[in-house]
Amino acid sequence: MSRFLGPIHHWLHSKILLQERIETSVEARLLESGIDLAIIKHWDEEYGPANPDEQLEGAIDTQNIHGWLQKRIQMAETRFAGKITELKALHGDKVVEIASSVYENYANTIAIQLNENEMWDGNLDSAHKLLHNQILEGMPCDQAGAITLNEQDMLQWKSDRCLHKAYWEQVNGDAKDHHQMRDAFNRAFFETLGNLKYGRVVESGVTYYQINR
């Protein structure tokens, strides 16, 4: 990444902020459901609270742009994984189910906005790109979401390693919870964007994603 602040840094930062908006909305929904959130406040103290209104220019260390953004990803991912893991241990699967519904709502809203602004040209590779403009998948150098098959009615991409697993393991959590929430987002996003069908399978440690018309 460049030593100077540019579009790619704003692009990545916007994905971090989306993750933090989702985090705050998940907390609000959990609170509405009667779950006490006091027990998870220590994650905000340890990693800093979510700050979805953060302005990049006033916050970033311009002497270490790459390192600052990488640390922000680590903070956002670890904090959220810790909160979900701790609450799930107390309240069971409904925590992840509630969080998944929030992910789904965000995906629907974003896809509707993209369609209203005519941002999708109808091609599957464009739908794939639009998704990856939203979801947080590491740094650009991680090259997540490499397309392996691109046909008129079907597109497939893969991930050789899960970029989220380490964060969940760090908090004694299960990355399957992350994938359940992310699948909810992806499925809703593609369905609302263009009535596309989404699927994910893991084979020999490699995760394959697919969308079909």
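1. The structure discussed here is a predicted model. In passing helix 5, helix 1 makes a right-handed crossing.

2. Strands of a sheet pair through backbone hydrogen bonds, and the pairing may be parallel or antiparallel. In this model, four strands make up an open sheet with antiparallel pairing, and their order is 1-2-4-3. Strand 1 (146-150) and strand 3 are the edge strands; each has a single partner strand, so one side of each has no neighbour in the sheet. From one strand to the next, the twist averages 25°.

3. Two of the strand pairs may be examined in detail. Strand 1 and strand 2 are joined by four bridges in the antiparallel sense, and Ala146 is placed opposite Lys158 of strand 2. Strand 3 (residues 197-203) and strand 4 (residues 206-212) are also antiparallel, with seven bridges. Within this pair, Arg200 has Tyr209 of strand 4 as its bridge partner. The hairpin of strand 3 and strand 4 has two residues between the strands, and Ser204 there adopts a positive phi near 55°.

4. Rolling a probe the size of a water molecule over the atoms shows where empty space remains. The model contains three cavities of 30 Å³ or more. The largest cavity holds about 80 Å³ of space. Its lining includes Leu131, His132, Trp157, Ser159, Arg182 and Asn186. Tyr209, the bridge partner of Arg200, is also one of the residues that line the largest cavity. At least two lining residues come from each of helix 6 (124-132), strand 2 (154-159) and helix 8 (175-194). By class, this lining comprises five nonpolar, four polar and two charged residues.

5. The second largest cavity has a volume of about 70 Å³. Among its lining residues are Gln19, Glu77, Phe80, Ala81, Tyr103 and Trp168. Helix 4 (65-91) and helix 8 are the elements that contribute two or more residues to this lining, and helix 4 gives the largest share, three residues. The lining divides into five nonpolar, three polar and two charged residues.

6. Which residues are the closest to the centre of the largest pocket? This pocket contains about 280 Å³ of space. Of its 19 lining residues, Cys162, Lys165, Ala175, His179 and Thr207 are the closest to the centre. Helix 7 (165-170), helix 8, strand 3 and strand 4 each provide at least two residues of the lining. Helix 7 supplies the largest share, three residues. The lining of the largest pocket consists of six nonpolar, six polar and seven charged residues.

7. Helix 8 supplies at least two residues to the lining of the largest cavity, two or more to that of the second largest cavity and at least two to that of the largest pocket.

Notes. Residues numbered from 1 in each chain as written. Predicted model: local features only at pLDDT ≥ 70, side-chain atom pairs only at ≥ 80, totals over all residues. Heavy atoms only, no water. 1 Å grid on protein atoms, 1.4 Å probe; cavity = no way out; pocket = protein on both sides within 12 Å on 5 of 7 lines; lining within 4 Å. Points joined across faces, edges and corners; volume = space filled by probe spheres on them. Nonpolar A, V, L, I, M, F, W, Y, C, P; charged D, E, K, R; others polar. Pairing = 2+ DSSP bridges. Left-handed = near helix turned anticlockwise from the far one by under 90°. Axes fitted to C-alpha atoms, helices over the stretch in contact; angles between N-to-C directions.
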